[in-house]
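Keep the viewer open as you read.

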Amino acid sequence: MRVLVATIFAAAACRAPAPTPTGCPAATPREGVAVARIGDTVLDVDDILVRLAEQGETVERRYHDPEALREFVQDQIRFELLARAAVERGLQCDPEVVRAARKVMVRKLLQRELDDHVSESAVAPEAVAAYYGKHQEAYRQPEMRRIAHIQLAPTEAGRAEAQSLIEPLQRKSVGASAFARLAQRRSTEHESAPQGGEIPFQTQATLTETYGLTFAGEVFALASGALASTPVQSTRGWHVVKVLAVREARVRELDAVRAEIHDQLVQQARSRAFDEYLKAIRERYPIVLDEGRLADVRARLTGIPEVSSP
């Protein structure tokens, strides 16, 4: 692990020098605590426990077995040997390694400077309640309906066929399964026909998008369990429609969305902290963006030459 860390910082050093960083002193061997030594690199108890924890709790339990634990340590020794061989070859300065190292450093930097400073406890319960009070409309769930329908042709013949199906379905002696059988045989909508014409719960807005304003309006005028007495027209054709269930409009209670709001506010706080942090860094480093070169990148990427403006 220490060799890997040293490799990361060495990789960063292969690029243009940055402002003097905090030193990363080499690990000092500690007598009596080494689980394994690879040259001057020490793997101590803490190193092994950290690496085991990285395997995940479920996998970590495997290493309660002495032989499995011994094999794991041997794997770490092999890793350290390969890492030292990579440094001997100068791979710490390989561009791919440098890019990977910089990504790790940025992730660690953001975690240390932002995530650790803007913790989960940074958002008070009062802030969550205040946000909920100001944004209740966002937690309002509109009325929804689950329907079954039989879609027919958008012609006068389709309308007549729909009417001919409605009349027998209105009889009290007709069972609920009759509608489903008719939909499977007669509906022209291939998505819902195999399900007996059923469509899951939809809002009026969603039905409007799919079938048009007239269709959605007539569906939402029907009560739960009602069969439309006349064919309903949509942008797709004529329909026989039955409302199977109604889910009334409601507002999600604060307790139901408390965790969701809390996480959202934490992310907002971290975003603001990131903007401020990046702003401070920008002030230390001048930035120049060459639009011409950016156009060259796009041309190479798309294969389409950029045309200069007259």
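Packing here rests on contacts, meaning heavy atoms within 4.5 Å. Helices (H or I, at least four residues) and strands (E, at least two) are DSSP runs, numbered from the N terminus. This is a predicted model, in which local features need pLDDT of at least 70 and side-chain atom pairs count only at pLDDT 80 or more, while totals for chains, interfaces and linings use all residues. Residues are numbered from 1 along each chain as its sequence is written, and side-chain values use heavy atoms, with hydrogens and water left out.

Which residues of helix 8 are buried? Within residues 177-186, they are Ala178, Phe179, Leu182 and Ala183. These four cover an arc of only 135° around the axis, so they sit on the same side of helix 8; the arc is that of the directions from the helix axis to the C-beta atoms. As for the word itself, buried means under 20% relative accessible area, exposed means over 50%, and partly exposed lies in between (1.4 Å probe, protein chains only). Ala180 is also in helix 8, but it is partly exposed, with a relative accessible area of 26%. Its C-alpha atom is separated by 8.0 Å from that of Ala148, 32 residues apart along the chain.

Now turn to the partner helix. The axes of helix 7 and helix 8 come within 11 Å and cross at roughly 160°. That makes the two helices roughly antiparallel. Axes are lines fitted to C-alpha atoms, for helices over the stretch in contact, and angles run from 0 to 180 degrees between N-to-C directions. Angles under 35 degrees count as roughly parallel, over 145 as roughly antiparallel, 65 to 115 as roughly perpendicular and the rest as oblique. Where they meet, Glu161, Leu165 and Leu169 come from helix 7, while Ala178, Phe179, Leu182 and Arg186 come from helix 8.

The axes of helix 2 (residues 45-53) and helix 4 come within 11 Å and cross at roughly 100°. Helix 2 and helix 4 are therefore roughly perpendicular to each other.

Next come the charges. Side chains of opposite charge can pair when their charged atoms come close. A salt bridge is a side-chain nitrogen of Lys or Arg within 4 Å of a carboxyl oxygen of Asp or Glu, and a search of the whole structure finds 14 of them. One of these joins Asp40 to Arg84, with the closest N and O atoms 3.1 Å apart. Asp40 lies in the loop between strand 1 (34-38) and strand 2 (41-44) and Arg84 in helix 4 (residues 66-88), so the pair ties together parts that are 44 residues apart in sequence. Asp40 is exposed at 56% relative accessibility, whereas Arg84 is partly exposed at 29%.

Arg140 forms a salt bridge with Glu137 at 3.2 Å between the closest N and O atoms; Arg140 is partly exposed at 41% and Glu137 is exposed at 58%. Glu260 and Arg252 meet in another, at 3.4 Å from N to O. Glu71, Asp75 and Arg78 are linked in a network of salt bridges.

Finally, step back to the whole chain. There are twelve helices and eight strands, and 28% of the 310 residues count as buried. Among contacts between residues at least 6 apart in sequence, 68% join residues at least 24 apart.
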